[in-house]
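Please look over the two chains below before reading on.

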Amino acid sequence: MLRRLFPFRRLGGEGDTKEARYFRLWLYTCSLTALVSIAPLVIMSAVSYYQYKKAFRGELVRPINRLASSVKRSTEFFLEERRAAMKFIIREKPFDQLADQDQLTRIFRNMKEAFGGFVDLGLIDSAGVQRAYAGPYQLRGVNYRDQDWFHEVQLRDVYLSDVFMGYRNFPHFVIAVKHEDVTGDFYVLRATIDMHFIDRQIRTLGLQPSSDAFIINHQGILQTPSRLGKKALEESGVSVPPYSEGAEVIEERDEAGNARIIGYAYIEQSPFIFMLIKNPDLLMKNWVALRNRLVAFLAISAVVILLLILGTSSYMVHRLREADQRQAEAYHHLEYSNKMATIGRLGAGVAHEINNPLAIINEKTGLLKDLLLLEKNIPQKEKLIALVDSVLNSVERCSRITHRLLGFAKHIDVHREPIDVNSMITEVLDFLSKEAEFRDITTSISIPPNFPTIESDRGQLQQVFLNIVNNAFAAMEDGGQVLVTLQEKIAGRIEVTISDTGPGIPEDILARIFEPFFSTKKEHGTGLGLSITYGIVEKLGGHIDVISEVGHGTSFIITLPIVAP
Amino acid sequence: MDTFRVLLVDDEEELVTTIAERLQLRGYHAEAVSNGEDALKRIEEKPFEVVVVDVKMPGMDGLELLRRIKAKNPSAQVILLTGRGSAKDSEAGIEEGAFDYLIKPINIEELIKKMKQATGR
């Protein structure tokens with residue numbers, strides 16, 4: 001099978017030999033076709049690959065983005081509500097009321113019940129002194145004058161702190177709001193908020209166990225505990241992402257080198273950043289499966305295409321080679337036939353011209369003989385007559401040659417009649433039976449059943465068979481064998497093979513055996529027998545061929561059409 | 001032996017006169033001419049039992065002469081001589097009434113045999 005795919009004896013081939021040319025043709029055909037078919041396939045696959053990857057990533061990214069957005073919104077809302085509540089209170093209630101401990105405590109209790117999340121509340125005057133305080137600690141009278149947050153709230157009117165460990169060892173943060181009264185003096189309301197609410201929101205997101213979600217500050221310190229074990233106020237282990245107005249999704253590699261997808265959102269007007277960490281590998285499992293299928297498809301398609309291309313190219317080149325060969329053979333055959341015809345015509349022309357002077361020589365010499373015979377007293381009469389006879393013999397020889405030459409070029413009509421080849425050959429062999437018996441030569445005919453009758457010229461066909469069988473007899477030693485095999489071939493032809501057990505014909509002679517005047521018999525024979533036979537077979541619409549091997553005998557193969565042309 | 005009169009016609013004079021001479025040596029009355037017109041004239045002067053005619057001659061060719069002879073002397077037997085080995089012309093001749101044909105160069109004995117056959121002797 002592999003030979004079918006690669007019908008060359010070896011790779012390459014030197015220069016311009018036929019084999020090399022066919023190999024090059026095959027190579028170019030294969031390469032070009034392969035390129036043209038596989039390139040688009042690869043391109044399409046690559047494009048699909050990237051499209052799919054993008055789509056998958058997109059599918060991945062969207063929910064993360066939405067989640068981060070959602071958390072951002074609700075957290076911002078939560079903080080805004082608390083800020084709003086405090087702003088309302090500090091505007092609504094006059095300083096005196098707020099500075100009053102009992103009143104503040106009452107306000108705080110109501111606030112706590114109404115809003116939730118407040119852990120304590122305190123009023124601080126412009127000197128930094130906490131004048132009233134409601135809450136679990138003893139912070140009344142504490143002075144915040146030198147603290148950073150106090151300065152900040154003075155400047156900005158609102159302050160929101162980072163998380164710190166507070167009551168019950170849980171993360172808390174502080175909101176402070178400032179208010180200026182009509183005198184130009186200011187005071188600050190300060191409250192501690194429990195991170196619990198925000199943290200619970202994160203916990204109820206319904207995330208997969210492998211994902212992590214938490215809040216960090218702008219230095220990367222955890223503001224809530226992470227789901228995967230880290231505590232608040234520890235290093236989060238993630239780098240602080242760049243600021244963005246909305247939720248963003250980025251890709252990162254952790255310390256171990258694993259890829260992760262991080263959705264984050266800056267919580268406005270706070271030091272907080274919400275972080276959502278997802279492991280893409282699990283999510284991309286479906287993508288990987290698809291990608292593998294795509295690659296497998298590509299590989300299998302490419303292999304199938306290549307095999308097909310190889311097979312087709314090889315087949316085509318093979319057929320091309322065959323066709324070229326047949327064409328070369330046909331051309332050669334035609335050339336040969338033409339050559340024969342030309343020689344024949346030439347020969348006939350010469351023969352025709354020679355015949356007349358030959359006839360004259362014949363008659364003059366004949367007359368000479370007649371006169372010699374009549375005359376009684378001629379010195380050396382016998383010798384003279386012998387000389388004349390010798391001349392006449394030579395004339396006879398010339399005559400035979402010219403007659404055969406003329407026969408060679410004859411444009412005889414083919415008389416068509418049905419012929420039983422078997423019986424004709426039997427006749428021919430019978431004709432030579434005396435010689436066969438004398439020389440102990442065996443003859444046999446092999447004929448398959450239902451051998452067809454053919455349409456041809458009886459006389460000429462007989463001449464052909466007789467000539468070949470005669471040659472066979474002449475070539476063999478005594479005790480040889482002549483075998484005649486009949487075969488029916490496809491396309492309405494029959495084949496008659498006449499084989500002998502003679503010495504065989506060497507290759508250089510074999511090539512010229514049908515040439516007119518070519519003979520190995522030296523003085524005997526005209527060298528015309530086979531060339532005439534060749535001509536007759538061609539005329540009958542057939543073809544004659546010879547196979548021989550020195551030491552193994554000779555076979556003449558005569559192919560004839562079943563119906564005369 | 002019955003002798004008979006034979007006329008030989010061939011444009012190759014050397015040939016035809018020699019054949020006539022040889023026939024005469026054998027006791028036949030043979031005459032030779034080298035073209036068709038002369039042949040017809042001779043036949044008019046005296047009858048010939050056999051006329052041997054070369055098929056290919058310039059001027060009047062053998063077949064034409066054959067027709068003319070047959071027209072004038074239907075009893076005369078014509079034997080054709082051909083140098084071409086082409087049976088076609090000769091067979092055409094036989095259809096036109098020639099007795100037979102011989103291929104050149106001929107054998108004198110064969111010619112005599114044919115002539116005897118032609119005249120039934």
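**A walk through the two chains**

Read from the N terminus, chain B has the element order β-α-β-α-β-α-β-α-β-α. That comes to 5 helices and 5 strands, where helices (H or I, at least four residues) and strands (E, at least two) are DSSP runs, numbered from the N terminus. This is a predicted model, in which local features need pLDDT of at least 70 and side-chain atom pairs count only at pLDDT 80 or more, while totals for chains, interfaces and linings use all residues; side-chain values use heavy atoms, with hydrogens and water left out. Residues are numbered from 1 along each chain as its sequence is written, and chains are lettered from A and ligands numbered from 1 in the order in which they are written.

Chain B has 121 residues, and 50% of them are buried. Buried means under 20% relative accessible area, exposed means over 50%, and partly exposed lies in between (1.4 Å probe, protein chains only). The accessible surface of chain B is about 5500 Å², with 45% of it on carbon and sulfur atoms; such areas come from the Shrake-Rupley method with a 1.4 Å probe, and for residues only the protein chains shown count as cover. Among contacts in chain B with a separation of 6 or more, 61% are between residues 24 or more positions apart, a contact being heavy atoms within 4.5 Å.

Chain B also holds a cis peptide bond, between B:Lys104 and B:Pro105, with omega about -5 degrees. B:Pro105 sits in the loop that runs between β5 (100-103) and α5 (108-119) of chain B. Most residues other than glycine have a negative phi, and most peptide bonds are trans.

In chain A, helix α5 (residues 148-156) has A:Trp149, A:Phe150 and A:Val153 as its buried residues. They are on the same side of α5(A) because they cover an arc of only 100 degrees around the axis, the arc being that of the directions from the helix axis to the C-beta atoms. An α-helix has 3.6 residues a turn, so residues three or four places apart point the same way. The buried residues of α5(A) pack against β1 (118-125), β3 (158-160), β5 (171-180) and β6 (186-194) of chain A. A:Asp148 and A:Leu155, on the other side of α5(A), are exposed. Just after α5(A) comes A:Asp157, with a positive phi of about 75 degrees.

Two further residues of chain A have a positive phi. For A:Asp440, phi is near 60 degrees, and the residue is not a glycine. A:Asp440 belongs to the loop between α11 (433-439) and β12 (442-446) of chain A, and counts as exposed because its relative accessible area is 55%. A:Asn450, also not a glycine, has a positive phi of about 60 degrees. The loop between β12 and β13 (454-456) of chain A contains A:Asn450, which is exposed at 73% relative accessibility.

What of the cysteines? The search of the whole structure gives 0 disulfides over all chains, a disulfide being a pair of cysteine sulfur atoms within 2.5 Å. A:Cys30 is buried, at 8% relative accessibility, and A:Cys398 is partly exposed, at 34%.

Elsewhere in chain A, A:Val36 lies in helix α2 (residues 18-92) and is exposed, with 55% relative accessibility.
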